[in-house]
Amino acid sequence: MSQNDNKELAKARFVVNEPIQSIADALGVSRRTVERWADEGDWRTLRQSNDNVVQIGAAANINRAQAQAKTVTRSKRKADEFDALEMVDDAIAVLSGALHGEVPPGMLGSIANSLKNLLEYRRKICPITAAEIAEMTIEAGITPDDFIREIRLAWKEQRA
């Protein structure tokens with residue numbers, strides 16, 4: 001995991017009042033590193049303005065349980081990849097939960113940007129499978145013919 005990825009994970013955990021030592025332990029960095037990142041990024045202001053932590057935490061627990069259920073069904077991974085994926089899923093769940101609650105003014109952009117970065121990183125460490133694409137396609141109500149047509153168009157555009 002890159003330092004920027006670690007910072008995003010640390011920020012997501014910090015903003016919802018996770019203890020600094022717990023963040024440091026989960027990311028394999030020192031407590032002072034997390035404190036320095038928090039100071040440089042003014043995370044304490046975000047943490048203080050987060051007056052709905054209980055609501056965020058409740059939504060995050062639901063999202064985290066759903067993310068963990070999907071994680072268990074994935075194919076085998078190396079231990080360090082699983083740990084990174086689990087941390088990313090936890091951070092995504094926390095930020096998603098934050099967006100479902102009342103977001104204090106000034107936090108929405110920061111939360112959304114952190115969530116975007118975490119989703120991109122998650123996609124890098126655990127690319128989506130064909131089975132998952134099929135499941136999402138069915139849930140979206142897309143017919144097999146429409147899906148295949150879109151794949152062919154995208155394939156042609158990429159190869160052009």
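Helices here are DSSP runs of H or I with at least four residues, numbered from the N terminus. This is a predicted model, where local features need pLDDT of at least 70, side-chain atom pairs count only at pLDDT 80 or more, and totals for chains, interfaces and linings use all residues. Residues are numbered from 1 along each chain as its sequence is written, and side-chain values use heavy atoms, with hydrogens and water left out.

I'll start with helix H8, residues 130-139, which contains Met 136. Met 136 is partly exposed because its relative accessibility is 43%; the class lies between buried, under 20%, and exposed, over 50%, with a 1.4 Å probe and protein chains only. Together with Ile 128 and Ile 133, Met 136 forms a nonpolar surface patch of about 230 Å² accessible area. Such a patch takes residues with over 30% relative accessible area and no salt bridge, nonpolar side chains being joined within 5 Å. The areas are Shrake-Rupley values with a 1.4 Å probe.

Now the salt bridges, meaning a side-chain nitrogen of Lys or Arg within 4 Å of a carboxyl oxygen of Asp or Glu. The whole structure has 10 of them.

Glu 40 bridges to Lys 7, with the closest N and O atoms 4.0 Å apart. That pair joins helix H3 (residues 31-41) to helix H1 (residues 3-15), 33 residues apart in the chain. Glu 40 also pairs with Arg 36, at 3.7 Å, and those two sit four residues apart in helix H3, so about one helical turn separates them.

Last, Arg 13 and Glu 18 form a salt bridge at 3.1 Å, N to O. Arg 13 is buried at 9% relative accessibility, and Glu 18 is buried at 19%.

Notes. Patch = residues over 30% accessible without salt bridge, like charges linked within 9 Å, V, L, I, M, F, W, Y side chains within 5 Å.
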